[in-house]
Amino acid sequence: MKAIVLRKIGGPENLCLEEVETPKPKANEVVVQLKYASLNRRDLFITQGLYPKIMLPCILGSDGAGEVIAIGGEVKGLQMGSEVIINPAMNWGPDDTKTSPDYHTLGMPKNGTFSQYIVVSEEDLFPKPEYLSWEEAAALPLAGVTAFSAAVIKGDVKEGETVLIPGIGGGVAQYALQIAVAKGANVYVTSGNEEKLARAKQLGAIDGVNYRSSDWVKQLRSKMGGADLIIDGVGGASFHDFIYLTKQGGRIVTYGATNGPVDQFVLPRIFFKNMDIRGAMMGSPRHFLLMLKFFDNYKIRPVIDRSFPLECATEALLHVNKGANFGKITLEIPQ
């Protein structure tokens, strides 16, 4: 089969299209013929050597959707031709709040979805939502369950609340916006790109500000007052501004830190507000199923920025690196 293989770090330029052996299923596994895969910033970080415990060579890719074409002898719930999407949180374990020692994310160290075929345990596969196209379904898993965990499980977003989502444009932030709007929240966003702010309003955001403005915090305070909930994947120095923008008794859920670590917390700013700061990462199989049901109930569709053929995975990841995308970037898998 054709697959995109990373054999050394140093950036997306080191990805190679190779012919590798088609996997065969063990007793509790199935082989999925992938239709589409989608990219996450995690894939970029791995190529750059900015991810812990990198093991090479590896086929990258956490997200994918396709049809079951081979079944192990102990598989009971799937049939040949079943249309599925993959939950990339492998071996999460029975506890919703913590992962097992064997937990890992698909796409390193376990070979991922940048390939024509993939072998996956039956427990990591879920029925493809019928209302989604193959491309949309492939764009959903990692970012979708992370956004659901941040907005609903940890954020407990409620109708009428004021929600701030910084750095709108990437997959998780975009899904968090759609989820919060579906729940009836009043959502505000930030971006360094005016076009992204306009796109966010089309998805239901009340308003937004350009964080490149010197007074962006003042603008946000004027527009929204304080935030009941901030769903943040940015981190960095701006996190102190998010604490300032949080209402008394409000909460921040952090799921990422694209702008780096947060230094020198001033604790009185947190405890005098009686506020919560919570962490969110992907989600358990139960959370993944709840996410699928929520998206199906509200018929939320992923926003696709661009699609590339599988052999252009390097170009696709360089597009991710530019940070200009609004929504998910996908790879079309040759059949």
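In the predicted model, 6 strands form an open sheet with parallel pairing, in the order β13-β12-β11-β14-β15-β16. The edge positions are taken by β13 (207-210) and β16 (276-279); each has a single partner strand, so one side of each lacks a neighbour in the sheet. On average, and with direction ignored, neighbouring strands of this sheet are turned by 20° against each other. Within the sheet, strand β11 (residues 162-165) runs parallel to strand β14 (residues 227-232), and the two are joined by 2 bridges. V163 stands opposite L229 of β14. Strands of a sheet pair through backbone hydrogen bonds, in either the parallel or the antiparallel sense.

Helices pack on this sheet. Helix α6 (residues 216-224) touches β11, β12 (186-191), β13 and β14. The direction of α6 makes about 170° with that of β13. Helix α3 lies across β14, β15 (246-254) and β16, and runs at about 155° to β14.

Helix α3 also packs against another helix. The axes of α3 (residues 141-154) and α9 (residues 285-298) are 9 Å apart and meet at an angle of about 90°. Angles of 65 to 115 degrees count as roughly perpendicular, and α3 and α9 are therefore roughly perpendicular to each other. On the α3 side, the contact is made by P141, G144, V145, F148, S149 and I153. The residues contributed by α9 are H287, F288, L290, M291 and F294. By class, this contact between α3 and α9 has 8 nonpolar and 3 polar residues, with no charged residues.

An open sheet of 3 strands has the order β2-β1-β4, and its pairing is antiparallel. Here β2 (15-19) and β4 (58-59) are the edge strands; each has a single partner strand, so one side of each is without a neighbour in the sheet. Strand β1 (residues 2-6) pairs with β4 in the antiparallel sense over 2 bridges. In this pairing, C58 of β4 is the bridge partner of L6.

L6 lies in strand β1. With a relative accessibility of 0%, L6 counts as buried. Not counting residues up to four places away in sequence, L6 touches N14, L15, I46, T47, L56, P57, C58 and L60. The C-alpha atoms of L6 and V84 are 26 Å apart in space, and these residues are 78 apart in sequence.

Two of the residues touched by L6, namely L56 and P57, are joined by a cis peptide bond with omega of about 0°. P57 is found in the loop between α1 (41-47) and β4. A cis peptide bond also joins M108 and P109, with omega of about 10°. P109 is placed in the loop between β8 (104-105) and β9 (117-121). Most peptide bonds are trans, and most residues other than glycine have a negative phi.

M108 likewise has its place in the loop between β8 and β9. Its phi is near 125°, a positive value in a residue other than glycine. M108 is buried, with a relative accessible area of 3%. N91, which is not a glycine either, has a positive phi of about 55°. This residue is found in the loop between β7 (89-90) and β8. At 32% relative accessibility, N91 counts as partly exposed, whereas M108 counts as buried.

Strand β3 (residues 29-38) pairs with β9 in the antiparallel sense over 5 bridges. V31 stands opposite V119 of β9.

According to the UniProt record, an unreviewed entry, the annotation "domain: Enoyl reductase (ER)" covers residues 10-331. In the model, this span is 29% helix and 26% strand. The end C-alpha atoms of residues 10-331 lie 21 Å apart.

Note on methods: Residues numbered from 1 in each chain as written. Predicted model: local features only at pLDDT ≥ 70, side-chain atom pairs only at ≥ 80, totals over all residues. Heavy atoms only, no water. Axes fitted to C-alpha atoms, helices over the stretch in contact; angles between N-to-C directions. Helix = DSSP H or I, 4+ residues; strand = E, 2+ residues; numbered from the N terminus. Parallel < 35°, antiparallel > 145°, perpendicular 65-115°, else oblique. Contact = heavy atoms within 4.5 Å. Nonpolar A, V, L, I, M, F, W, Y, C, P; charged D, E, K, R; others polar. Pairing = 2+ DSSP bridges. UniProt positions renumbered as here; feature names shortened; annotations may be inferred. Buried < 20%, exposed > 50% of the residue type's maximum accessible area, 1.4 Å probe, protein only.
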